[in-house]
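Here is a brief report on one chain.

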Amino acid sequence: MDSDAKSGFDNEVDSKESAFYLDAAKYWEQVPPTVDGMLGGLSSISDIDLKGSQRFLNSIYQLVECPGKERALDGGAGIGRITQGFLMKNFPVVDLVEQDRHFLEEAKKSLKPTNHTGQFFNIGLQKFTPEPCVYDIMWVQWVLGHLTDEDLISFLRRCKLGLKPRGLIVLKENLTSSGEVEMDNTDSSVTRPHALVVELIKKAGLRIIKEQKQQRFPSDLYEVRMFAIQPV
């Protein structure tokens, strides 16, 4: 491929990626900053989800080389549902990363009456770089489908630098049963098969140390799994 042709191809790829992110941002701008909005009308599963996450976190702290319990990150935090409903009960400091400004403002508002301590970062995960060596747990849930494969790998590589010794990243995501990537044009996201998620984790220089399926979700939803991962 000559340089002009390659440049044109690169520009086309960049344009498609930009549209992927812009379309998602536009979708979420129209979503109300409520639990129902965050869960696509499925607020009824929130309590089951949070309890499943707590059980998984408890199992992580039964490991020999378990993380500390000082500071966590809520990646793709939305209105702070996970921070307030789960992470704050386990960590005295929880930072939130969320690209949608009105979601983050709602998170600040709802957390103000609580004993929440932590920072708020108004930025997408594809651009977020954590401070080095500060997090015991980086919890990233239901947001990686809004990242391209390349940006997901880059994000995880940056996350590695933000971990304390023995720190872990936890991914909680929908998985397809078809073995294929499935695109949702409504919110401009993808759902990946298990094998691809594992491949991307490995490409980022991380390994899975614990994996568990979320139980008690309605049968018509995607399978949801949690992955505790650490640098190789």
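Gly 205 follows helix α7 and has a positive phi, near 80 degrees. Helices (H or I, at least four residues) and strands (E, at least two) are DSSP runs, numbered from the N terminus.

This is a predicted model: local features need pLDDT of at least 70, side-chain atom pairs count only at pLDDT 80 or more, and totals for chains, interfaces and linings use all residues. Residues are numbered from 1 along each chain as its sequence is written, and side-chain values use heavy atoms, without hydrogens and water.

Helix α7 spans residues 194-203. Its buried residues are Leu 196, Val 197, Val 198, Leu 200 and Ile 201. Buried means under 20% relative accessible area (1.4 Å probe, protein chains only). What covers them? The cover includes the elements tabulated here, judged by contact (heavy atoms within 4.5 Å).

| Element | Residues |
|---|---|
| α6 | 149-162 |
| β5 | 163-175 |
| β8 | 206-213 |
| β9 | 223-231 |

Now the whole chain. It holds 7 helices and 9 strands. Buried residues make up 48% of the 232 residues. Of the contacts between residues at least 6 apart in sequence, 68% join residues at least 24 apart.

The C-alpha atoms fill a box of roughly 55 × 40 × 35 Å along the principal axes.

Definitions and conventions
Buried means under 20% relative accessible area, exposed over 50%, partly exposed in between (1.4 Å probe, protein chains only).
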